[in-house]
Amino acid sequence: MMNDSRTQASDSGQGPGPSTLCVHGGTHPDPATGGVNTPIFASTAHAFPNPGLEPIYPRYFNTTNQRAVAKKVALLEKGEAGLVFGSGMAAISTLLLSALKPGDHAVFQNDLYGGTHHFVTTELARLGVEVSFAATVGDIAAAIRSNTKAVYVESPSNPLLRCLDLKALAALCKPRGVMTMVDNTFATPINQNPIESGIDAVLHSATKYLNGHSDLNAGVVVSTEEVIQRLTRSAVNYGGMLDASACYQLERGLKTLALRIERHNGNAGSIARFLRGHPSVSRVNYPGLEDHPDHTVASRQMRGFGGMLSFELKDPGQAGAMLGRFRIVTPALSLGGVETLVCVPSATSHRSLSPDERKAAGISEGLIRVSAGIEDIGDLIADFGTALEGA
Ligand SMILES: *Cc1c(COP(=O)(O)O)cnc(C)c1O
């Protein structure tokens, strides 16, 4: 890339910081004008043979826009290479399909993102991949068999923000030849780099924090050159690429990622502490609170605790009415954008579970999930205060 000098490790061995990488990493300034942004290269047809170049085609995942944004995320995640997809699910499904074949076994965390859970239990199972679900690193260890090829987890998880010890997970899997995959969507590379803990592949729904403005679907995988090359060979067949304009939009969103995450972290922590002190709230789930069951693990492997939290109302019957009393906060699915969103998982993301399954998973009818935005914290606290009045 044009400005590799800005994003390479210096003589001291220390690479540029994450805010610098957000702005400059991977970016390909306009060679024609010196414009500071990667231009949108819209062509699907490229003259060939092209001295020294491979055939370029958007579905080969090798255009300048695709490479620029993949490189930026790879640098932020401290991986060797990355690949950008048309959605989080395209990234997740393509990685799993490229790594697993009939007769293989894979272990998944039980409180997965709903779309991933659905993919695993329908598509992977239909293709003859054996799947197990587990909650803790100990349960994962017990589930590993001679034909286990992959372990896939999310940390922090949705909606209880449980965190798994990623170093312990990598140490368990590496000697057994089991590939580890972490969906890092909730934490973002600003707060957590699973590859530094020895994890093999990191996935993102870039729809959420990486783009950050609730106006684009995209996904990313970051891993070694070798894994990304193998993944690209499958991805070309499955065809889930991201087009040039969307790559540009994602690259623009990423430039402010570090700045946004700082505010998301601060606002989520303040909302969590406010809710914990509120008489209508029985419990708050946020890894930054000392009484969260995984606070110690989270403090070790995260630089910030993220923008997601959830809480339980003492009277679960009040959840619906409470959502109707917000003025700034919006009741909505999805997460990771600049606006604060709330939802009731038992009625939305976890609706398909039976009441008993929800109870076993710790998701009560009075549990409310919050994606803290970047608004002024005083306005947000006042809005939560108003919505909780009478709850
Ligand atoms: C949203 C989400 C996904 C799926 O991403 P899409 O862009 O909607 O395909 C995967 N994992 C997590 C944790 C998510 O929040």
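This section describes an open sheet, the helices packed on it and the ligand site in a predicted model.

The sheet is open and consists of five strands, arranged in the order β8-β9-β12-β11-β10 with mixed pairing. Strands β8 (281-285) and β10 (330-331) are at the edges; each has a single partner strand, so one side of each is left without a neighbour in the sheet. Between β10 and strand β11 (residues 341-343) the pairing is parallel and runs over two bridges. Within this pair, T330 is positioned opposite L341 of β11.

Helix α15 (residues 377-388) lies across β8, β9, β11 and β12 (367-371), and its angle to β9 is about 20°.

The ligand is surrounded by 13 residues, of which M89, D183, S205, T207 and K208 are the closest. By class, the shell around the ligand comprises five nonpolar, six polar and two charged residues. Helix α4 (residues 88-99) supplies the largest share of this shell, with three residues.

A polar backbone atom of M89 is 2.8 Å from an oxygen atom of the ligand. In the side chain of D183, an N or O atom lies 2.7 Å from a nitrogen atom of the ligand. A ligand oxygen atom is also found 3.2 Å from a polar side-chain atom of N217. On its own the ligand has 380 Å² of accessible area, and the protein covers 92% of this area.

How values were computed: Residues numbered from 1 in each chain as written. Predicted model: local features only at pLDDT ≥ 70, side-chain atom pairs only at ≥ 80, totals over all residues. Heavy atoms only, no water. Pairing = 2+ DSSP bridges. Helix = DSSP H or I, 4+ residues; strand = E, 2+ residues; numbered from the N terminus. Contact = heavy atoms within 4.5 Å. Axes fitted to C-alpha atoms, helices over the stretch in contact; angles between N-to-C directions. Near = heavy atom within 4 Å. Polar contact = N/O pair within 3.5 Å; in protein donor to acceptor, adjacent residues only side chain to side chain. Areas by Shrake-Rupley, 256 points an atom, 1.4 Å probe, with all protein chains shown as cover. Nonpolar A, V, L, I, M, F, W, Y, C, P; charged D, E, K, R; others polar.
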